[in-house]
Amino acid sequence: MAEESRQSSNPEPVQVQTASSEERRSNNNVPNFLLSVRLKYVKLGYHYLISNAMYLMLVPLLGIASAHLSTLTFLDFVQLWDQLKFNLVSVTLCSGLLVFLTTFYFMSRPRKVYLVNFACYKPDVDCTCTREIFMERSALTGSFTEENLAFQKKILERSGLGQKTYMAEALLRIPPNPCMAEARKEAEKVMFGAIDELLAKTGVKAKDIGILVVNCSVFNPTPSLSAMVVNRYKLRGNILSYNLAGMGCSAGLISIDLAEQLLQVQPNSYALVISMETTTINWYFGNDRSMLVSNCLFRMGGAAILLSNRSSDRRRSKYQLIHTIRTHKGADDKCYNCVFQREDDTKRVGVSLSKELMAVAGEALKTNITTLGPLVLPMSEQLLFFVTLVARKVFKMKIKPYIPDFKLAFEHFCIHAGGRAVIDELEKNLDLTDWHMEPSRMTLYRFGNTSSSSLWYELAYSEAKGRIRKGDRTWQIAFGSGFKCNSAVWKALKTINPAKEKNPWIDEIDDFPVHVPRVATVLSSS
């Protein structure tokens, strides 16, 4: 298997047919540093200067201190020792205070949370759903008008999904059988498949897991999905189990945040997080076009993640959780209603996506990165942003707002593969390259929108490509109903060797990246 090294100065771009770079940059508010090589090097020099300003200022101070110490004689040190001997009370108090403050610091600081390993479920070949199979099964249901079949075909052709995505068995049958029993069967297959692989990877016993968090947005049975896991693996009776429902595609990072907070108060614990979505009962059989889009995009998938706060697990863990940032725009009616499960005029239930979705997502992202930026961006980027803001707001100067360069803060980006439009918009607004967007595009192409678990298929792609190096920082970004935008920042604790990995990409990683046309024609079955 060919290992891919870290991004070089001229990385091979993903072959995605998009608008010309000139057109895109003309509509982009991000400063185009590529037009000026000199300006690029000026910025790099500025970034280096500001980032290392503290060290540069310490050099003369250390020089002065060293020069002063060199003037002291042996008699000076003897005199200092004599003074300390006659101030035993002061020395004792100072030493005791120092010990107390040191102990307080180590006891009160947040526990470090490590990602020991994760596993993504890869369905059986029998669940493969090509674009042609999707359209054939949709037509055979007899539920859709000819106009809406043509609408779904148009959406599917422009979706960015490939020919090897997976659909639940119940939906591929003729006729389809979307019932509670089939939904349970799909949930069990996805969850247990991912958990079995994760436990085999880590060697952790099920009885050692103290925290369980399961998220699935639409399918919310009784007993809960978390209870299904407890029953299957016979988890211990005092386990802290949580089942998150109705929180959309961003629920995976909400689960990570919840697990992190629980690990702060549960010493020496493992937390198992499961992110998934069932497609069996989410299929919409009506003719409301705002609800038909989700049929075309969502596919079968799930992931299991094992977190630990044990210091002994650091050596074998892959990543350390650095930050989680959650943004909720639900107080705004437009944001609240843009992704909404409801009944149509014929009482058929579906998830409606409004036309304002992209604008709402943009506002949520802006709020989220405003909070995240000061935590991760180098001081040079923060100063440039602040100076530009003051110039525009205080001095009323007519200059473009400065968009921070997040490529200086992160080496890898895992952006929720919600659809081609989401990926394209974030690539433009964050001024990312095709190389940075490759994991998201290829995940959408190979597996479709697997909801909250898509971020883990993207991280698995980067690992399979051999991109993850020790010290690398990865930014996961997810959007969900409500409306929410959530982020997680991970730091790699070791270099990931693809030859030793087992994930859904390994057997076929050499086939990627692939060319994703703007329109992929669906062949007629006739």
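Helices H7 (residues 146-157) and H12 (residues 289-297) cross at roughly 45 degrees, and their axes come within 10 Å. Axes here are lines fitted to C-alpha atoms, for helices over the stretch in contact, with angles running from 0 to 180 degrees between N-to-C directions. Helices (H or I, at least four residues) and strands (E, at least two) are DSSP runs, numbered from the N terminus. This is a predicted model, in which local features need pLDDT of at least 70 and side-chain atom pairs count only at pLDDT 80 or more, while totals for chains, interfaces and linings use all residues. Residues are numbered from 1 along each chain as its sequence is written, and side-chain values use heavy atoms, with hydrogens and water left out.

**The H7 and H12 pair**

- Angles under 35 degrees count as roughly parallel, over 145 as roughly antiparallel, 65 to 115 as roughly perpendicular and the rest as oblique.
- H7 passes H12 in a right-handed crossing. Right-handed means that the near helix is turned clockwise from the far one by less than a right angle; anticlockwise is left-handed.
- On the H7 side, the meeting residues are Glu-147, Asn-148, Phe-151, Gln-152, Ile-155 and Leu-156. On the H12 side, they are Arg-289, Leu-292, Val-293, Asn-295 and Cys-296. Contact means heavy atoms within 4.5 Å.
- Residues three or four places apart in an α-helix point the same way, because the helix has 3.6 residues a turn.

**Gln-152 in H7**

- Gln-152 lies in helix H7. Its relative accessible area is 0%, so Gln-152 is buried. Buried means under 20% relative accessible area, exposed over 50%, partly exposed in between (1.4 Å probe, protein chains only).
- Leaving aside residues up to four places away in sequence, Gln-152 touches Phe-134, Met-135, Ser-138, Phe-144, Leu-292, Asn-295 and Cys-296.
- Gln-152 and Arg-289 are 137 residues apart along the chain, yet their C-alpha atoms are separated by 8.6 Å.

- Helix H9 (residues 180-202) has 23 residues, so at 1.5 Å a residue H9 should span 33 Å. The expected span is 1.5 Å times one less than the number of residues. The end C-alpha atoms of H9 are 33 Å apart, which agrees.
- Gly-203 follows H9 and has a positive phi, near 75 degrees.
- H9 and helix H10 (residues 225-233) have axes that come within 11 Å and cross at roughly 55 degrees. That angle makes H9 oblique to H10. The crossing is right-handed.
- H9 contributes Arg-184, Ala-187, Glu-188, Met-191, Phe-192, Ile-195, Asp-196 and Leu-199 to the contact. H10 contributes Leu-225, Met-228, Val-229, Arg-232 and Tyr-233.

**Cis peptide bonds**

- The peptide bond from Thr-222 to Pro-223 is cis, with omega near -5 degrees. Pro-223 sits in the loop between strand E4 (209-215) and H10.
- The bond from Phe-512 to Pro-513 is also cis, with omega near 0 degrees. Pro-513 falls in the segment after strand E13 (484-492).

**Positive phi outside glycine**

- Asn-268 is not a glycine but has a positive phi of about 50 degrees. Asn-268 is found in the loop between helix H11 (251-265) and strand E6 (270-277). At 56% relative accessibility, Asn-268 is exposed.
- Asp-431 has a positive phi near 55 degrees and is not a glycine either. Its loop runs between helix H16 (420-429) and helix H17 (434-447). Asp-431 is buried, at 17% relative accessible area.

**Cysteines**

- The whole structure has 0 disulfides. A disulfide is a pair of cysteine sulfur atoms within 2.5 Å.
- For Cys-335, the closest cysteine sulfur is that of Cys-338, 6.3 Å away, which is too far for a bond.
- Cys-335 is buried, at 5% relative accessibility. Cys-414 is buried too, with a relative accessible area of 1%.

- Asp-333 is found in helix H13 (residues 333-337). Asp-333 is exposed, at 58% relative accessibility.
- Asp-333 and Gly-482 are 149 residues apart in sequence and 9.6 Å apart in space, C-alpha to C-alpha.
- The protein has 18 helices and 13 strands. Of its 526 residues, 47% count as buried.
- Among contacts with a separation of 6 or more, 81% join residues 24 or more positions apart.
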